[in-house]
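Me: I have a structure open and have not looked at it before. Can you walk me through it?
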Amino acid sequence: MIELRDIHKSFGTNHVLRGVNLSVAKGESLVIIGGSGTGKSIALKCILGLVKPDSGQISVGGSDVNTGDRDTFLARFGMLFQGGALFDSLPVWQNVGFRLLRGALKRPHDEARAIAVEKLRRVGLKPDVADKFPAELSGGMQKRVGLARAICADPDIIFFDEPTTGLDPIMAGVINELIREIVVEMGATAMTITHDMTSVRAIADKVAMLHNGIIQWTGPVTDLDNSGDPYLDQFIHGRADGPIEAVR
Amino acid sequence: MTLTRPIAVLGGNVLHLLAAIGRVVIFAGQTVSHLFRPPYYHREFLQALVQIGWLSLPVVGLTALFTGGALALQIYAGGARFSAEAVVPSIVAIGMVRELGPVLGGLMVAARVASSIAAELGTMKVTEQIDALVTLSTNPMKYLTLPRVLAATLAVPVLVAVGDAIGIFGGYIVGVTRLDFNAAAYLKNTVDFLEFWDIASGLFKGAAFGFLVALMGCYYGMNSGRGAQGVGRATKAAVVSASVLILAANYLLTEVFFSA
């Protein structure tokens, strides 16, 4: 479904991605883990075309991401951003139904609102939230609204960038559960970036660890605890000692 | 090595400046090109029109009112040196519509609008809202930049026109109440000496200044650095560059319109 082949990306002298190879099967939930600044978000942004890789090839559904109509390509994706990335100037329901109010997927105003309210309900938010503005919501509610926006147009592929960062453990658990339920229910392919090992175990079918610009380890989530990889072991157990330098 | 170093530094700065000018010109070209390529976001355009035009009216109006009044006092005092006090109405009118209306109006809009656009778009950039727009199949240049630039280009000439009228009124109030001009004669002198091109040139300048103000706000906002400091720098750069460009463009346009 999604394939990255030998992806390189540098910012000045900082060589962030040094040949990333990764594949995600249709309907699979892949979680990418790795230390801060290892290029996890950059890898996702390369797939979406938000960042252009220096070299390498990315294909989605067998087609190169640089060919074909860009709007049609992006219509297949939903993304939950780390901070929610909700539009401050729009009420919640217009954030959720953004895609349905303009462009190729445009629907009548009332229908778009009804779909947005239904998606809000799906992520556990009441209809009265629809007319509030993002600044009036708590962090957890903003994440849920971001999640509702990501799934509003029923995408084939959903990206989650640090979905539980900044949330308390209970709200993090709620978001993890929602992500898992929604991905299974929609049959979507999912890629998630997180440091949170609880999220990894709740969301992942497959795990990939990005370290030093390459995929250090990849395998099913069930193999996480007996991988035999010293980098992965150090990361999942949060040890300061090991092959990954604590001071970067 | 030591002798060539200043030349290298100078060359580096010149190249840096040329690259920056090139980036702004490309950004302006991209913005204008979206004017001819749908989709168009009418709601965003109308919101920008209200924000830039309607909400700038008080500050532009007050600036013009006080400037017109001060101009009348200055011309009266200066004109008295060679017994030319009678020219106050015509000079206030011509000065306001040709120069002070568009330039001061443009500068006030630069302070109010370029800063707000740069801060808003810069914040959107650092909070990934602009990336979110792209993932929602929406071109940020079409959705954010074009509505603001178009609204400013259309709204600032209207603001200038209103500012001109208020400025002339400021001169009239001072002329009649403080300088003992006859009210009817003041108005007649104002109207008789104003020509169509005086007004049209000022409005044209207003359109150019509006374009520059919004363009600088959008350019620096969309290219803002990370964090609060990055947004702060973008805001400052937008206001400074818009103000300098207004003054430079004003000189060039005056040369084009009025040089013999």
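Me: What span should helix α9 of chain B have, going by its residues?
Reply: This is a predicted model, and in it helix α9 of chain B covers residues 227-258.

Me: Which residues of α9(B) are buried?
Reply: The buried residues of α9(B) are B:Val231, B:Ala234, B:Thr235, B:Ala238, B:Val239, B:Ser241, B:Ala242, B:Leu245 and B:Ile246.

Me: And what covers them?
Reply: The cover over the buried residues of α9(B) includes α4 (88-126) and α8 (196-222) of chain B.

Me: How many helices and strands does chain B have?
Reply: Chain B has nine helices and zero strands. From the N terminus on, its elements run α-α-α-α-α-α-α-α-α.

Me: What box do its C-alpha atoms fill, and how much of chain B is buried?
Reply: Along the principal axes, the C-alpha atoms of chain B fill a box of roughly 65 × 60 × 35 Å. Of the 260 residues in chain B, 45% are buried. Among contacts in chain B between residues at least 6 apart in sequence, 87% join residues at least 24 apart.

Me: Where does UniProt put the transmembrane regions of chain B?
Reply: The unreviewed UniProt entry annotates "transmembrane region" at residues 7-28, 48-73, 149-174, 203-222 and 234-253 of chain B. In the model, residues 149-174 of chain B are 100% helix and 0% strand, with end C-alpha atoms 36 Å apart. Residues 203-222 of chain B are also 100% helix and 0% strand, and there the end C-alpha atoms are 28 Å apart.

Me: What is the strand order in the six-stranded sheet?
Reply: The order is β6-β7-β8-β3-β9-β10 in chain A; the sheet is open and the pairing is mixed. Its edge strands are β6 and β10 (214-220) of chain A, each pairing on one side only. The twist averages 15° from one strand to the next.

Me: Which helix packs on it?
Reply: Helix α5 (residues 139-151) of chain A packs on this sheet and touches β6 and β7 of chain A. The direction of α5(A) makes about 175° with that of β6(A).

Me: Do β7 and β8 run parallel or antiparallel?
Reply: Strands β7 (residues 157-161) and β8 (residues 189-193) of chain A pair in the parallel sense, over five bridges. In this pairing A:Asp161 stands opposite A:Ile193 in β8(A).

Me: What about the sheet of four strands, what order is that in?
Reply: That one is an open sheet in the order β2-β1-β4-β5 of chain A, with antiparallel pairing. Here the edge strands are β2 (14-24) and β5 (63-64) of chain A. Helix α1 (residues 40-48) of chain A packs on the sheet, touching β1, β2 and β4 (55-60) of chain A. Its direction makes about 115° with that of β1(A).

Me: How many bridges join β1 to β2 in chain A?
Reply: Eight bridges join strand β1 (residues 2-11) of chain A to β2(A), and the two run antiparallel. A:Ile2 has A:Val24 as its bridge partner in β2(A). A:Leu4 stands opposite A:Leu22 in β2(A), and it also stands opposite A:Ile58 in β4(A). Five bridges join β1(A) to β4(A).

Me: Which residues take a positive phi in the hairpins there?
Reply: In the hairpin of β1(A) and β2(A), with two residues between the strands, A:Gly12 has a positive phi near 65°. In the hairpin of β4(A) and β5(A), A:Gly61 in the turn has a positive phi of about 60°. β4(A) and β5(A) pair over two bridges, with A:Asp64 in β5(A) as the bridge partner of A:Ser59.

Me: Last topic: how many residues of chain A are in contact with chain B?
Reply: 15 residues of chain A are in contact with eleven residues of chain B. On the chain A side, α2 (70-74) and β6 (77-80) each supply at least two residues. By class, that side has ten nonpolar, two polar and three charged residues.

Key: Residues are numbered from 1 along each chain as its sequence is written. Chains are lettered from A and ligands numbered from 1 in the order in which they are written. This is a predicted model: local features need pLDDT of at least 70, side-chain atom pairs count only at pLDDT 80 or more; totals for chains, interfaces and linings use all residues. Two residues are in contact if their C-beta atoms, placed from the backbone, lie within 7 Å. Ala, Val, Leu, Ile, Met, Phe, Trp, Tyr, Cys and Pro count as nonpolar, Asp, Glu, Lys and Arg as charged, and the others, Gly among them, as polar. UniProt positions are given in the numbering used here, feature names are shortened, and annotations may be inferred rather than shown by experiment. Two strands pair if DSSP finds at least two bridges between them. Axes are lines fitted to C-alpha atoms, for helices over the stretch in contact, and angles run from 0 to 180 degrees between N-to-C directions. A residue is buried if 20 or more other C-beta atoms lie within 10 Å of its own, exposed if 12 or fewer, and partly exposed in between; C-beta atoms are placed from the backbone. The expected span of a helix is 1.5 Å times one less than its number of residues.
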